[in-house]
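Here are my notes for you, colleague. Please keep the model open while you go through the points below.

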Amino acid sequence: MSIAETDLRAALARRGVSRRQLVKFCSAMLATLALPDRYLPQAVAAVTQAKKPVLVWLQFQDCTGCSESMLRSSHPEIADIVLDLFSWEYHELIMAGAGSHAVTALDRVVKEEKGNYIVVVEGGIPTADDGVYCTIGGHTAMEIADQVCRNAAATIAVGACAADGGFMRAHPNPTGSLGVQEAVPGIKIINMNGCAHNPANTAAVLVHYLTFHDMPAVDQYNRPLFAYGRIIHDQCERRAHYDAGRFVTEWGDDGHRKGWCLYKMGCKGPAATFNCPDVQWNDHTSWPIGAGHGCIACASPRFWDHMSPFYDRLPSVPGFGVETTAGNLGLGLVAATVAGVTAHGLIKLIKPAPKPPSEAPAPNETTVEV
Amino acid sequence: MARLVIDPVTRIEGHLRIEAQLDGGKVSDAWSSGTMFRGMEIVLRDRDPREAWIWAQRICGVCTVVHALASVRAVENALGIDVPENARLVRNLLAGSQMVQDHVIHFYHLHALDWVDVASALKADPVKTSSIAQSISDYEKSSATYFRGIQQRVKMVVDSGQLSLFASGYWGHPAYQLPPEMNLLAVAHYLEALNFQKDFIRIHAALGGKNPHPQTFLVGGMSTAMDPNEPFAVINPERITFLQGLIKTARRFVEQVYIPDVLAVAPFYKDWFSRGEGLGNFLSYGDYAAANGDDPSTFLFPRGIVLNRDLTTVYPVDPAKITESVSHSWYEYSSGDANGRHPAEGETNPKYSGPKPPFGFLDVDKKYSWVKSPRYDGKPMEVGPLARMIVGYAAGQKDIRAAVDGVLKKLNAPASVLYSTLGRLAARAVESHLMATQLQVWLDQLSTNLDHGNVKIFNPVHWDPGTWPAKASGFGWHEAPRGSLGHWIEIGSGTIKNYQAVVPTTWNAGPRDSQGQRGAYEASLAATPVADPARPLEILRTIHSFDPCLACAVHVIDAQGREYTLPMVR
């Protein structure tokens, strides 16, 4: 038995799981990431490392919907994420301690885990009037974000608010709200747009980080390509109806009952990229178009202003400025948003961003029988 | 005398700060402050009223659904739209399942750690835990092996030295009184409830497309098209079967896990049946009429007011008597801050006048919160599950009477114990059971309509803004999980001219008013013992018993005199 094998057995014992359970669990994680089985040893090693990576979750101008969304994660389940995969040391919604105990927990991470922890941010950051519109423990969101994000290994901005200021940022933006990447420029960040973020995607990013110690490849808005690289309209279960010219024209009409296309009811699917039709919500139960309502493009940058009025047909949405059909609009956006990426090449995109050899992680020598 | 600050108050929604004056180991005075402001109402101005619900729902993602519902009700009230019965039923199923979901998450994930010492669970004998579990419930997961597995999992987390969410807890605090075996039982159910909430809420995905923030409301109905013969209809027989399974699961979880746990934990904390009462005034707008038409006499949760604990009189609710004071909130009224204003004429200019951050203490003699202070006829009110159960009990609603009496009998306690921290927990559990039962009734009605070919889900009469009057105003009320919620809207020339929301946590968490009357949180903390000011567990118990939701509470604004137009792109 090799030393690596002994370590693995010790790690398994520590987790109280059988080898079979562990391999099953890691296979499921790889499936979430659409990665082939050859990454299994790496995934197993990641999950069984002696020290769990430290994560803190900050909430600023938020509705806590993104925290709630995270609680709904099914693969892996939230208890596995917060207890077994990460050491989840600060999260106001669910952490045990309050007040000074909470503040101390966050301070400890920033000082003692400097450069090694992950920070998830939920909510926008108000910058008007010296940041008085959001304080925690007497400190402004700006001050806390700056300190915690700058000392982290990476920042994950979950939801529309953390990505770009969300509805607070909508005209006239009374509190000067910004997303994290604008409020704290220059940090390493990945944006998980959506209102709320989809926990299936965020869990995949967390597992990716765990496995490869890096974030997946992103688009120009810093959104991971595996989740935001494809037009909703192209993946939509109602697309055939669009192509055949079968549209819902009044809520509850014959076409609505038959599941026809919602484009004429204001659906923004042709202008939005997201894997919503594919991963869906709440353990793949449904998604807004599946439930009969148009898409509001909640995973698109600044969607509150750019994609409303939500019941107007797309070409009349201010911002596009040209008379065009939904189909053409979709094609135009493909070119603009994910230039050079073929719509069906998604699986290739999940690989970690290429690195120079000097920075690549050391090859993992653990072997696992599958 | 020492001033204690708890900021952030965790295991709540949003940003709450409590400052408390301690005198002789007890709270002698307290101040509640909301420390975050977003400005939803400013942002809503001049937008399409038909999409107001999409925006307003984002007031809160914990009490998701409830603001969407209040918003469409407000617009429908303003424009005179009656929604079809099926739309009412689907809305009830969404809101009712939200209530059950919210209460379960509150008890296990937001409140339990105030009563349950996780570290103590390691000392438990799983065999004894198993026999306790089997003595209080028929829930299937009750073997010693199961509890040993849970204990092992906790031990591994502790042994790793990385305690994650539990690292900051108050373990070993003298106020924890459960034996180790009960603590183990509760920790097991904390994990079970995590599983339950993610599974049960698929009811929102089925009827709302997703959770949080379901996306199927419409002014005039719902987008969940129904058809008994169409496989692609959102509601068809297959989906009814799916919903049926989820509702059964919820009822089982509430009956076999949640209620038995509340009843088993409460006797160890009898002191808390006489602590934490607060105002003694209770308000419920009431909700869930038996049929279309919204007749209050048929409400599942009756409408009314109970004053000074007096259960003999239920006063009617007059919408005109609601006002909001800003004398201690960071806003200004053009008419001066001495008098409150009715939400329909709501006017607020945000004007921060607190200390410059970073700060140590708030100046509580002046303005100290982003939350306003709603008053009914000048009086502060508590809203929420306890208010609903008390108003319902006093009004003689027979299901509420039977359920409350049943719980009191099991606890061998008089009705007066309801006016307390634990009373709020008990009320929430009772209400969850009533609602889990009611969900079945609504699903059966929906299913019957589907079978009979009654598939009307939308009333198109006023979808076209061309049919609207030049000016209209209205309001929409809802009994949300945390209490009485109201949205007020003014529509002019087809767009939103004014939007105001007075929400449950505004009632409960608001600061003092111009008369110096305390809000519900502030009043409830009077005389709370604090054994260790560095670990103010006792204060958290009472504050958490209200299930605070601060994002809801702070959002209100209508900046008069400022002109807003839709941005031209943008």
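1. Two strands pair if DSSP finds at least two bridges between them; strands (E, at least two residues) and helices (H or I, at least four) are DSSP runs numbered from the N terminus. Residues count from 1 along each chain as its sequence is written, with chains lettered from A in the order in which they are written. This is a predicted model, where local features need pLDDT of at least 70, side-chain atom pairs count only at pLDDT 80 or more, and totals for chains, interfaces and linings use all residues.

2. In chain A, have a look at the open sheet of five strands, ordered E2-E1-E3-E7-E9 with parallel pairing. Its edge strands, E2 (87-91) and E9 (189-192), each pair on one side only.

3. Within that sheet, strand E3 (residues 118-122) of chain A runs parallel to strand E7 (residues 154-158) of chain A, joined by five bridges. A:Ile118 has A:Ala154 in E7(A) as its bridge partner.

4. Over in chain B, strand E13 (residues 483-492) is largely enclosed by the rest of the structure, because nine of its 10 residues are buried (20 or more other C-beta atoms within 10 Å of a residue's own, all placed from the backbone).

5. E13(B) runs antiparallel to strand E12 (residues 471-480) of chain B, with 10 bridges, and B:Phe475 has B:Trp488 as its bridge partner. Two residues lie between E12(B) and E13(B) in their hairpin. Seven bridges join E13(B) to strand E14 (residues 495-502) of chain B, also antiparallel.

Key:
A residue is buried if 20 or more other C-beta atoms lie within 10 Å of its own, exposed if 12 or fewer, and partly exposed in between; C-beta atoms are placed from the backbone.
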